[in-house]
Amino acid sequence: MSEPTGKYSITMPRDIAEAAKTRSGPSGLSAYVAAAVARQIERDNLNELIAVAEAEHGPITDEEIHALRDQLTQARHEQTQGGASAA
């Protein structure tokens, strides 16, 4: 069962609306716009979470970001290698 829907009127620049129509495909403009708004809400929620965490623990340093990216890269590499040898 899908979520209940409502009909809304929005205003946006014509070029953005036309690009969205072109890209929306068979699901239609409403579904495309709803997905875009849902992604924006997720980003806003994550930004709020980051702000709370940084207020409590201080900002994340560039060094911490690089270290975590390296860990993620290594984990992806190991996962790819493990998947390739298991096949």
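Modeller: Contact here means heavy atoms within 4.5 Å, and helices are DSSP runs of H or I with at least four residues, numbered from the N terminus. This is a predicted model, where local features need pLDDT of at least 70, side-chain atom pairs count only at pLDDT 80 or more, and totals for chains, interfaces and linings use all residues. Residues are numbered from 1 along each chain as its sequence is written, and side-chain values use heavy atoms, with hydrogens and water left out.

Colleague: Thanks! What do the buried residues of α1 pack against?

Modeller: They pack against α2. On the α1 side, A17, A20, K21, R23 and S24 take part, and they meet G28, L29 and Y32 of α2. By class, this contact has 4 nonpolar, 2 polar and 2 charged residues.

Colleague: Why is S24 called buried?

Modeller: Buried means under 20% relative accessible area, exposed over 50%, and partly exposed in between, with a 1.4 Å probe and protein chains only. S24 has 9%, so S24 counts as buried. Leaving out residues up to four places away in sequence, S24 touches L29 and Y32. The S24 side chain also reaches the backbone oxygen of K21 at 2.9 Å.

Colleague: How do you know that the buried residues of α1 line one face of the helix?

Modeller: In α1, A17, A20 and S24 are buried. Seen down the axis, the buried residues fall within an arc of 65 degrees, and therefore they line one face. The face turned away from that buried side carries the exposed residues R14, D15, T22 and R23. An α-helix has 3.6 residues a turn, so residues three or four places apart point the same way.

Colleague: And what follows α1?

Modeller: G25 does, and its phi is positive, near 65 degrees.

Colleague: Why is G82 counted as partly exposed?

Modeller: G82, in helix α3 (residues 62-86), has 38% relative accessibility, so G82 counts as partly exposed. G82 and I60 are 22 residues apart in sequence and 31 Å apart in space, C-alpha to C-alpha.

Notes:
Helix = DSSP H or I, 4+ residues; strand = E, 2+ residues; numbered from the N terminus. Nonpolar A, V, L, I, M, F, W, Y, C, P; charged D, E, K, R; others polar. Polar contact = N/O pair within 3.5 Å; in protein donor to acceptor, adjacent residues only side chain to side chain. Arc of directions from axis to C-beta.
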